[in-house]
Amino acid sequence: MLATLICLLTKISCFSDERKSMAASTVDYPAEPDYRDSTQWYITDRGAAADVFYIISTETGDYTLLDGEVCHYADTYSDSLRASLYGEMLGVDTLVSGRLNFFSPYYRQCSLQTFQNDSLTAARLPLAVDDVRRAFKYFLEHQNASRPFILAGFSQGAQIMLELLKEMDDDTYERMIAAYAIGITIAETGPHIVPAKRADDTGVTICYNSVRDTGCTMRGWEKSSVAINPVNWRTDSTRASLVTEPSPLLPVAEQKKNTMTVHLDTATGLLIVEGFTAQDYMLPLLGVEGNYHTREIWLYRDQLRENMALRASRKTGH
């Protein structure tokens with residue numbers, strides 16, 4: 001379990017030179033995932049009445065190919081490069097799914113270096129979005145069996161999830177229990193991006209971004225028009241107490257629990273966390289002291305699991 005959680009929150013992994021699958025026509029692009037291939041999925045079928053479709057965060061850094069070219073995308077067919085992707089899938093499934101079915105596609109996610117500036121992001125993210133778009137289509141047509149479903153994404157995965165919501169047709173949206181956009185901010189709403197207002201509304205988008213104070217945001221994520229406190233499920237500034245282990249990198253039994261106070265700053269939509277005592281994990285290249293981006297699932301794991309179950313029960317009736 002410890003190894004799983006390290007994979008979940010460590011954003012730069014060590015890669016070997018193994019390149020077994022460079023079958024793409026352009027050297028910078030790994031082979032396109034074929035979602036008919038079961039190896040391109042992490043799936044836990046619990047026989048539940050509802051599914052979670054989860055889009056992983058950034059687990060890939062730039063790496064050098066055998067010919068000396070630098071690749072900026074995950075290779076979903078390389079065992080060594082898939083390891084950290086699998087670690088996050090397993091970790092999130094273990095922490096938040098509860099009794100729900102869990103589906104997560106491997107995709108050619110952009111490297112962490114992509115997010116150093118907006119031009120790189122704009123140029124590279126569409127490839128990752130297209131992979132997940134195809135995976136979601138396959139999920140709906142071949143795996144979901146018309147069950148109600150939860151969309152969830154963390155960081156890069158949450159950004160991609162917003163694109164799915166913008167493109168979603170009304171019939172699909174009617175089956176969506178909720179969308180969890182974890183660790184980002186949202187600048188716009190729309191027909192299918194409806195801010196959550198309480199713990200049990202459905203068809204809504206849940207969004208939060210945890211910081212020590214409003215000066216600790218990462219570039220571009222200073223303000224959100226969609227925000228809710230995942231501890232008390234309120235959209236005002238009411239404070240909530242959160243008691244939990246601060247770090248996923250140590251065995252739970254070896255940690256002293258933190259008692260934190262969590263509230264929304266209503267002017268910015270940021271989630272303010274007071275009382276976090278663990279040493280900040282600085283996201284390489286992008287991290288800001290006092291920004292708790294890497295803890296966004298770990299800290300609220302119990303609340304997320306219970307809330308997903310509650311919203312699913314409202315939609316399925318059991």
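## Basis of the analysis

Contact denotes heavy atoms within 4.5 Å. The model is predicted, with local features requiring pLDDT of at least 70 and side-chain atom pairs counting only at pLDDT 80 or more, while totals for chains, interfaces and linings use all residues. Residues are numbered from 1 along each chain as its sequence is written, and side-chain values use heavy atoms, leaving out hydrogens and water.

## Strand E2

Helices (H or I, at least four residues) and strands (E, at least two) are DSSP runs numbered from the N terminus. Buried means under 20% relative accessible area, computed with a 1.4 Å probe on protein chains only. Five of the five residues of strand E2 (residues 51–55) are buried, so E2 is largely enclosed by the rest of the structure. Asp51, Phe53 and Ile55 cover one side, and Val52 and Tyr54 the other.

E2 runs parallel to strand E5 (residues 101–105), joined by three bridges, with Phe53 opposite Phe103. Five bridges join E2 to strand E6 (residues 149–154), also in parallel, and Ile55 stands opposite Gly153.

## Nonpolar core

A nonpolar core is a set of buried Ala, Val, Leu, Ile, Met, Phe, Trp, Tyr and Cys residues joined through side-chain atoms within 4.5 Å. The largest one has 87 residues, and those touching the most other members include Phe53, Tyr54 and Tyr180. Helix H3 supplies the largest share of this core, eight residues.

Beyond its neighbours within four places in sequence, Tyr180 contacts residues including Leu151, Gly153, Ile206 and Arg311.

## Ala135 in helix H3

Ala135 lies in H3 (residues 118–143) and is buried, with a relative accessible area of 0%.

Methods: Buried < 20%, exposed > 50% of the residue type's maximum accessible area, 1.4 Å probe, protein only. Pairing = 2+ DSSP bridges.
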